[in-house]
Amino acid sequence: MAIVQRDRIKPGLPYPRGATWDGRGVNFSLFSAHAEKVEVCVFDHTGKREIDRFELPEYTDQIFHGYVSDLGPGTYYGYRVHGPYEPEAGHRFNPNKLLLDPYARAHAGELTWNPACFGYKMETGDDLTFDDRDSAPFMPKCVVVDPGFDWRGHPGRNPIGWNRTVLYEAHVRGFTMRHPDIAEHFRGTYAGMGDKHVVDYIKSLGVTSVELLPIHTFINDSHLLDNGLTNYWGYNSIGFFAPDPRYASDVANSLREFKEMVYRFHEAGLEVILDVVYNHTAEGNEKGATLSFKGIDNASYYRLMPDKPRYYINDTGTGNTVNVSHPRVLQMVTDSLRYWVEEMHVDGFRFDLGTILAREPNGFDNQSGFLKACSQDPVLGSVKLIAEPWDCGPGGYQVGGFPPGWSEWNDKYRDTVRDFWRGEASAAELAPRVSASAAEFNHQGRRPWASINFVTAHDGFTLNDMVTYNDKHNEANNEDNKDGSSDNRSWNCGVEGPTDDPDINELRARQIRNVLTTLLLSQGVPMLLAGDEFGRTQQGNNNAYCQDDDISWLDWNIPETGQRLIRFVRTLTQLRADHPALRNTRFLTGREVDGVRDVAWMNANGTVIGDAQWGDGNMKCFGMMIDGRAATADSAFRQDDSTFLVVFNAHYAAVQFTLPDCKDGDVWTRVIDTNDPEPDAAVEMQIGEVFTVTARSVVVFSRE
């Protein structure tokens, strides 16, 4: 029985894309350059029974569209798209497959893996065959939404200057699942993440911007489900406009719940950054399922092999690559980004495999259509854009290669800091990293915040595990410990795994403080991994992408050792916030201005390191003296009257360090010592005095 009266189906408009409710009805708009017909399927409130189907009546500029006046919010729907099934020509239309709207603002239900979800007869393994089974019973459904939300007078975003930014990478579910102060039915959800206890805690750490692992609707891989695992990280998107309903405590209102979470963070003065995955989708290669894009217009949405369009270009390592060179696909990505900024009020994005988005048919191009679109867009040009500047395609490693306006994850920083503190890198290697990697980023007017400094992230060891394990221990992933990187650059301090040896535990605790001090006092933008501030462990698993359990969830039963580490982190973030010299807006040059240098690199004997000494690969102890009074060559203002001396000692033995001369001062005050994280009193010393820097430690002195 039809619920839509056919005389109420009007031509509608080709824009905006998706299913848009205007208060009186719904306008449907879907791009396909090669389809012949598009049908809208309407389902009951359970999403299980199809109760109507109608054809979109108009086709304008490759857009199928129509308007229905008797539909509204809460309508469950999907598309069936008719066209040629010619895999060898790149076309995989199959109207037996219910398809998700690329512009859907909400989803309900989860995918049930079934052979009917494949456009070909999956059991045969031959993607040239055609499958006529209906996939609708196994598919999630799109939902028409009411976008209204009371932001209670709060501005659209909560911008924080790059030079004040401290990023904090967290997972909505993992952060809240074991939190004792969150009501049980809110744990693992947007509502739980926006809970006052969570927001207040994050704010107390001194971080400014919460970077959430993917929250776009994603799919659980069938092979993981078969193994009792799940795609926990969520890097398997199938919808770029909808918050994933599995993170909603109230699925019917997932959009509002997400917005409420953002509001709570903004109310506390915190930014929300989204980790987004536009480089590939969950549909995989030619043997993958037909869930959305593949059945709407495979040849437009994906990069196909030019001479064999049956097959997919796989620069992402996941089976397919989104074709952002196509104008309508590029439009979809930028429409999605603007939607999350303007409608959802997020403050920026971290782009997974960002080089894919800058990849044209001839390879990576920092003047690609996508990068140009972002740079000229008045909305996207005003938010934080962070690239993961690598992929597995040819020429895919591009750290420092993105254009002005972008920041980038700096894995050179990660690797060097790890190597230095395990004794495998010298002062000459660490110095450029703690001063914002100018060789990579100081061009075209880019600033130090182009370098996103990190030592740990979701992918790899936690900080605790980095000092506890030499080798990965991924047995729980059921891949014979073959998954995950073996290049961990970690050091277990003498014993693999947890130990009761007090000396080793003391060294591990100091190594953790060494890394945190290095990270939070480096020039550039620091990023903390949630839980590192109290010593979280993943039991040696460095690839917990499939672990939706205690391996990945933060344990909030924090012992006193963890509480002390939290207090230490707060001391570091407060020091960074209070002193602009520790977060300069210009790259440090070392040139002398008005009798002071913005940075000077010091020997243990209190003198400036000479060129010959930089070549000493065994130099593991040195000082970085930053003078806040120095005006950089292209900036006449003074940022800070403080001078800091940061002494890094990665030697296995203590070093006698002579406190260097400093213009207009004669007293140095010790403000941080990773060997004495909670000192009873400040230590003041005269210029020329010798301070014993403990083996494998960092000491910070200041002169006001």
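**Figure 1. Arg 489 counts as partly exposed, at 23% relative accessibility.** Here "buried" stands for under 20% relative accessible area, "exposed" for over 50%, and "partly exposed" for in between (1.4 Å probe, protein chains only). You're looking at a predicted model, where local features need pLDDT of at least 70, side-chain atom pairs count only at pLDDT 80 or more, and totals for chains, interfaces and linings use all residues. Residues are numbered from 1 along each chain as its sequence is written, and side-chain values use heavy atoms, with hydrogens and water left out. The partner to find is Asp 487, which forms a salt bridge with Arg 489 (a side-chain nitrogen of Lys or Arg within 4 Å of a carboxyl oxygen of Asp or Glu). The closest N and O atoms of Asp 487 and Arg 489 are 3.5 Å apart.

**Figure 2. Arg 567 and Glu 678 pair up through a salt bridge.** Their closest N and O atoms are 2.7 Å apart. Arg 567 lies in helix α15 (residues 560–578), while Glu 678 is in the loop between β29 (667–673) and β30 (683–686), so this pair ties together parts that are 111 residues apart in sequence. Helices (H or I, at least four residues) and strands (E, at least two) are DSSP runs, numbered from the N terminus. Arg 567 is partly exposed at 34% relative accessibility, and Glu 678 is partly exposed too, at 37%.

**Figure 3. Glu 592 forms a salt bridge with Arg 597.** In this pair, the closest N and O atoms are 3.8 Å apart. Glu 592 is exposed, with a relative accessible area of 51%, whereas Arg 597 is partly exposed, at 39% relative accessibility. For the whole model, the count comes to 46 salt bridges.

**Figure 4. The largest nonpolar core has 169 residues.** Such a core is a set of buried Ala, Val, Leu, Ile, Met, Phe, Trp, Tyr and Cys residues joined through side-chain atoms within 4.5 Å. To get your bearings, look for Phe 28, Phe 175, Met 193, Ile 202 and Phe 349, the residues with the most contacts inside this core. Helix α7 (residues 327–342) gives the most to the core, with eight residues.

**Figure 5. Helix α6 (residues 293–301) is largely enclosed by the rest of the structure, because eight of its nine residues are buried.** Among the buried ones are Phe 293, Ile 296 and Tyr 301, but also Lys 294, Asp 297 and Asn 298. What covers the buried residues of α6? The covering parts include strands β3 (26–31), β8 (76–82) and β10 (91–92), along with helix α7; contact here is heavy atoms within 4.5 Å.

**Figure 6. Tyr 190 and Tyr 247 form an edge-to-face aromatic pair.** Rings of Phe, Tyr and Trp (its six-membered ring) pair if their centres lie within 6.5 Å; planes under 30 degrees apart count as stacked, over 60 as edge-to-face and the rest as tilted. These two rings are 6.0 Å centre to centre, with 90° between the planes. Tyr 190 sits in helix α2 (residues 190–193) and Tyr 247 in the loop between α4 (222–226) and α5 (254–267), so the pair ties together parts 57 residues apart in sequence. Tyr 190 is buried, at 0% relative accessible area, and Tyr 247 is buried as well, at 2%.

**Figure 7. Trp 601 and Phe 622 make a tilted aromatic pair.** Their ring centres are 6.0 Å apart, and the planes make an angle of 40°. Trp 601 belongs to strand β25 (residues 599–602) and Phe 622 to strand β26 (residues 621–627), 21 residues apart. Both are buried: Trp 601 has a relative accessible area of 16%, and Phe 622 is at 0%. Across the model, the count comes to 43 aromatic pairs.

Figure 8. Cys 546 is buried, with a relative accessible area of 1%. Cys 662 is in no disulfide (a pair of cysteine sulfur atoms within 2.5 Å) either, and its nearest cysteine sulfur, that of Cys 621, is 19 Å away. Cys 662 is buried at 4% relative accessibility. The disulfide count for the model is zero.
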